[in-house]
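Hi there,

Here is the structure I promised to pass on to you.

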Amino acid sequence: MNVNSWLAALEIELRRHGIGPDNIANVVAEAATHLRDSGEDPYAVFGPAEHYAAAVAESIRTAPTATPLRPGPVLLAARGITKRYGRRTVLRDVDLTVRAGQIAAVVGANGCGKSTLLRICAGLDSPDSGEVTVAGRLGYCPQQGGTLDYLRADEHFVLVGAGRELSRARSRQIGRTAAAQLGWNEPVDTVARNLSGGTRQKLNLTMSTLTEPDVLLLDEPYQGFDRGTYVNFWDELWRLRDAGKAIVVVTHLLTQLDRVNLVLDLTSAPVGGARR
Ligand SMILES: Nc1ncnc2c1ncn2[C@@H]1O[C@H](COP(=O)(O)OP(=O)(O)OP(=O)(O)O)[C@@H](O)[C@H]1O
């Protein structure tokens, strides 16, 4: 189905449900970004526009507000992070502090440095200045990649579990249970390269939670998820938060920001440095 007609239909349906103009703009922009990045058919990903609009309306009506801050100990502290690629300063003096029991959303325009910040927090990239402190175990779900083409899901689980000295059987069990929570019930025989994009993301997400991290870094982990999985994903995030984890999630979904405790908007970085 044509993407533009589907988005136009979505906008009309959202208006019909009485959704406010800001929310409509955000939801449509988010769907457009997802469809552009994935190249998928809107009908296949979201279903009929009227159904998706109804689900969004329902989600907005029933959105739990973020729990009041229950300041646990600081589990992630990024201070004064500056990162340059060549002459371009992508991050300038960025601070992010996340405590146990908090979800922080990192938002901002394409290319403003969200993934770069997460990679730095994960220790996969070095800042030009600033430092990151992590208390406890770290889990990281990258925006892309992260899976090995010729390994099956179970083999991914075993590989990640081995890093925590889990037995093969235990790794498989934890991995399959986490996958089932995302509505993926048979993650057994298919090698990663033959999984759909959304299912590969489920595998990535499952791996990032498999070692029960204290700090969980998620870089747009829901890309390609269908609606049911998306709902399960947020339920799972809240469960982890309530279990005392510190979670950072990169998101374009501004409708979800009332569900998190902190928002770091990297778009608004003024030249010359900003404390957030
Ligand atoms: N290894 C690299 N070398 C050079 N430039 C890079 C490198 N990695 C990222 N960049 C650039 O840094 C900027 C920030 O990239 P980043 O992926 O962090 O943005 P983002 O906010 O996550 O974007 P998006 O919303 O599109 O995912 C971009 O202009 C990107 O091209």
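**Around the ligand**

Helix α5 (residues 114-121) contributes the most to the shell around the ligand, with three residues. Helices here are DSSP runs (H or I, at least four residues) and strands are E runs of at least two, numbered from the N terminus. The shell consists of Tyr85, Val90, Gly108, Asn110, Gly111, Cys112, Gly113, Lys114, Ser115, Thr116 and Gln143, where being near means a C-beta atom, placed from the backbone, within 6 Å. By class, three of the shell residues are nonpolar, seven polar and one charged; Ala, Val, Leu, Ile, Met, Phe, Trp, Tyr, Cys and Pro count as nonpolar, Asp, Glu, Lys and Arg as charged, and the others, Gly among them, as polar.

Please keep in mind that this is a predicted model: local features need pLDDT of at least 70, side-chain atom pairs count only at pLDDT 80 or more, and totals for chains, interfaces and linings use all residues. Residues are numbered from 1 along each chain as its sequence is written.

On the whole protein: there are nine helices and eight strands. The domain assignment (automatic or from a database) gives domain 1 (3-62) and domain 2 (74-265). Their contact takes 14 residues from domain 1 and nine from domain 2, with contact meaning C-beta atoms, placed from the backbone, within 7 Å. On the domain 1 side, α2 (21-38), α3 (42-46) and α4 (49-62) each give two or more residues, and α2 gives the most, with eight. That side has six nonpolar, six polar and two charged residues.

Best wishes

Terms used: Two residues are in contact if their C-beta atoms, placed from the backbone, lie within 7 Å.
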